[in-house]
Amino acid sequence: MSTRIAFLKGHGTENDFVIVPDPENAIELSPAAVAALCDRRAGLGGDGVLHVVRSAAHAEARGMAAEAEWFMDYRNGDGSVAEMCGNGVRVFARYLQHAGHVAEGDLTIATRAGVKTVHIAKDGDITVGMGRARLPEGDVTVTVGERSWPARNVNMGNPHAVAFVADLAHAGDLYTAPPVSPAAAYPDGVNVEFVVDRGPRHVAMRVHERGSGETRSCGTGACAVAVATARRDGTDPAVTGTPATYTVDVPGGRLAITERPDGEIEMTGPAVIVAEGEIDAEWLAHAFG
């Protein structure tokens, strides 16, 4: 490992990430190192790490290299590995543009949830093809304190429990994961979204992200919320034959989610690179040691 590592910091609707460019996959990011990088007091601070690797250089992505040159090796803020991060894909694409690897227009990015199609628009917004939602059967309940709500089980390549509430304050502080039952529905943990209505096809949400706590935004969570809301509203595109677009407000901004009759989901929103530099060698050795 080199004695210094380059990094960037970026965010998508204030879901923020430490970006570690590593095309040849030469840096071993241990869970402890990721947690140290994401520490908001002793590290760089972030909801997660975007490890930027060429697909051909990563064992988990080689099979996708023919479709996507770059692999988003995403890690949660606690160091755990995650399948997918919707806001992360937009920031990952913005980094590739910033670094001169891609230009405006269409590109593909490999993730643990498969290859994602991305469009970088001239106005700055980035649209990500998020694939199709799966809706596992079975009742799920979310509890905060003495309140409980039925929730919709939605899988966007990662697991979500979507609960409709009267007031977002009822979600509590979201420092710790809200209990979800039955536990067997989510053997690897779950992202929990709390949702209120704001108007026609317009909702607002708060989220506890598995491995990160409450975040300012969650792209896959916004998609899960739009899907759950469409089913609640009777606007399932597979039934109506018409695309359904929902505006989803998150604490860090606003996302537009469209589900098409074939089940494909697109998410559109901003992505910003805010800083870049090098990690201090002494701190790095301690964190990685």
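Student: Is Q97 buried, partly exposed or exposed?

Tutor: Q97 is partly exposed, its relative accessible area being 24%. Buried means under 20% relative accessible area, exposed over 50%, and partly exposed in between, with a 1.4 Å probe and protein chains only. This is a predicted model, in which local features need pLDDT of at least 70 and side-chain atom pairs count only at pLDDT 80 or more, while totals for chains, interfaces and linings use all residues. Residues are numbered from 1 along each chain as its sequence is written, and side-chain values use heavy atoms, with hydrogens and water left out.

Student: Where does Q97 lie?

Tutor: Q97 lies in helix α2, residues 86-98. Helices (H or I, at least four residues) and strands (E, at least two) are DSSP runs, numbered from the N terminus.

Student: Which residues is Q97 in contact with, leaving aside neighbours within four places in sequence?

Tutor: They are V102, E104 and I120, where contact means heavy atoms within 4.5 Å. I120 is 23 residues from Q97 along the chain, and 8.7 Å separates their C-alpha atoms.

Student: Now T215: what does that residue touch?

Tutor: Not counting residues up to four places away in sequence, T215 touches N15, D47, V207 and E209. T215 is placed in strand β14, residues 213-215, and is buried, with a relative accessible area of 3%.

Student: How many salt bridges does the count come to?

Tutor: By this rule the count comes to 18 salt bridges. One of the pairs is E60 with R112, at 2.9 Å from N to O. This pair links distant parts of the chain, 52 residues apart: E60 is in the loop between β3 (48-54) and β4 (70-76), and R112 is in the loop between β5 (105-111) and β6 (114-120).

Student: What about R132 and E264?

Tutor: Their side chains meet in a salt bridge, 2.7 Å from N to O. Because R132 lies in strand β7 (residues 126-132) and E264 in strand β17 (residues 264-269), the pair ties together parts that are 132 residues apart in sequence. R132 is partly exposed, at 48%, and E264 is partly exposed as well, at 27%.

Student: And E214 with R206?

Tutor: That salt bridge has an N to O distance of 2.8 Å. E214 is partly exposed at 30% relative accessibility, whereas R206 is buried at 14%.

Student: Changing topic, how many disulfides does the count come to?

Tutor: The count comes to 0 disulfides, a disulfide being a pair of cysteine sulfur atoms within 2.5 Å. C38 is in no disulfide, and the nearest cysteine sulfur, that of C85, is 11 Å away.

Student: Are C38 and C218 buried or exposed?

Tutor: C38 counts as buried at 5% relative accessibility, and C218 counts as buried at 2%.

Key:
A salt bridge is a side-chain nitrogen of Lys or Arg within 4 Å of a carboxyl oxygen of Asp or Glu.
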